Amino acid sequence: PFLLRRRVRGLAERLKGRPRSTTVVLSVAGFFGSLAVLVGGLWTVQLANGLEPSGLKPWAWAVVGVIGLVFVMMQTLAAMALVMLAVPETVNPRSSSDSREAKKP
């Protein structure tokens, strides 16, 4: 989402600096936390009488939109944490070419 665009690099660097087990826990917590936000938020809207037989009340649309935005942001952060685990460290491409040049007679 557009709100995360500026912060992604900083978050990625902080995730790289954490132990692998901490990153796994943060990712899983992000996925389950986003589920709790979505279900809990929608349940709260229903309890607050935001849902009528004909559909959502106008104020409930705004609340559901905010809930959805928070859900997507949390899912994005959790997925980024998983990707950081899967992506190998960047290797300098020049190091492999330098080793080839050193082997030439």
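Trainee: Before we start, how are residues numbered, and what pLDDT do local features need?

Mentor: Residues are numbered from 1 along each chain as its sequence is written, and side-chain values use heavy atoms, with hydrogens and water left out. Because this is a predicted model, totals for chains, interfaces and linings use all residues, side-chain atom pairs count only at pLDDT 80 or more, and local features need pLDDT of at least 70.

Trainee: Thanks! Which pattern does the protein chain follow along the sequence?

Mentor: Helices (H or I, at least four residues) and strands (E, at least two) are DSSP runs, numbered from the N terminus. The protein chain has four helices and two strands. Read along the sequence, they give α-α-β-β-α-α.

Trainee: What share of the contacts with a separation of 6 or more comes from residues 24 or more positions apart?

Mentor: Contact here means heavy atoms within 4.5 Å. For the protein chain, that share is 69%.

Trainee: Is α2 roughly parallel or roughly antiparallel to α3?

Mentor: Axes are lines fitted to C-alpha atoms, for helices over the stretch in contact, and angles run from 0 to 180 degrees between N-to-C directions. The axes of α2 and α3 come within 8 Å and cross at roughly 165 degrees. Angles under 35 degrees count as roughly parallel, over 145 as roughly antiparallel, 65 to 115 as roughly perpendicular and the rest as oblique. So α2 is, relative to α3, roughly antiparallel.

Trainee: How many nonpolar residues are in the contact of α2 with α3?

Mentor: Ala, Val, Leu, Ile, Met, Phe, Trp, Tyr, Cys and Pro count as nonpolar, Asp, Glu, Lys and Arg as charged, and the others, Gly among them, as polar. In the contact of α2 with α3, seven residues are polar and one is charged, while the nonpolar ones number 20.

Trainee: Now α1 and α3: which residues of α3 make that contact?

Mentor: Helix α1 (residues 8-16) packs against helix α3 (residues 58-86) at about 50 degrees, with the axes 10 Å apart. That angle makes α1 oblique to α3. On the α1 side, the contact uses Val8, Leu11, Ala12, Leu15 and Lys16; on the α3 side, it uses Leu77, Met80, Ala81 and Met84.

Trainee: Is Ser27 buried or exposed?

Mentor: Ser27 is found in helix α2, and its side chain reaches the backbone oxygen of Ala78 at 3.0 Å. Not counting residues up to four places away in sequence, Ser27 touches Ala78, Ala81 and Leu82. Buried means under 20% relative accessible area, exposed over 50%, partly exposed in between (1.4 Å probe, protein chains only). With a relative accessible area of 1%, Ser27 is therefore buried.

Trainee: Which residues does Thr23 contact, leaving aside neighbours within four places in sequence?

Mentor: Thr23 is in helix α2 (residues 20-47). At 2% relative accessibility, Thr23 counts as buried. Its contacts beyond those neighbours are Leu15, Arg18, Ala81 and Leu85.

Trainee: And what separates the C-alpha atoms of Val28 and Leu82?

Mentor: Val28 is in helix α2 and is partly exposed, with a relative accessible area of 39%. Val28 and Leu82 are 54 residues apart along the chain, and their C-alpha atoms are separated by 8.8 Å.

Trainee: Last one: what is phi of Asn49 near?

Mentor: Most residues other than glycine have a negative phi. Asn49 is found in the loop between α2 and β1 (51-52), and at 51% relative accessibility it counts as exposed. Asn49 has a positive phi, near 60 degrees.

Notes. A polar contact is a pair of N or O atoms within 3.5 Å; within protein, one must be able to donate a hydrogen and the other to accept it, and residues adjacent in sequence count only if both atoms are side-chain atoms.
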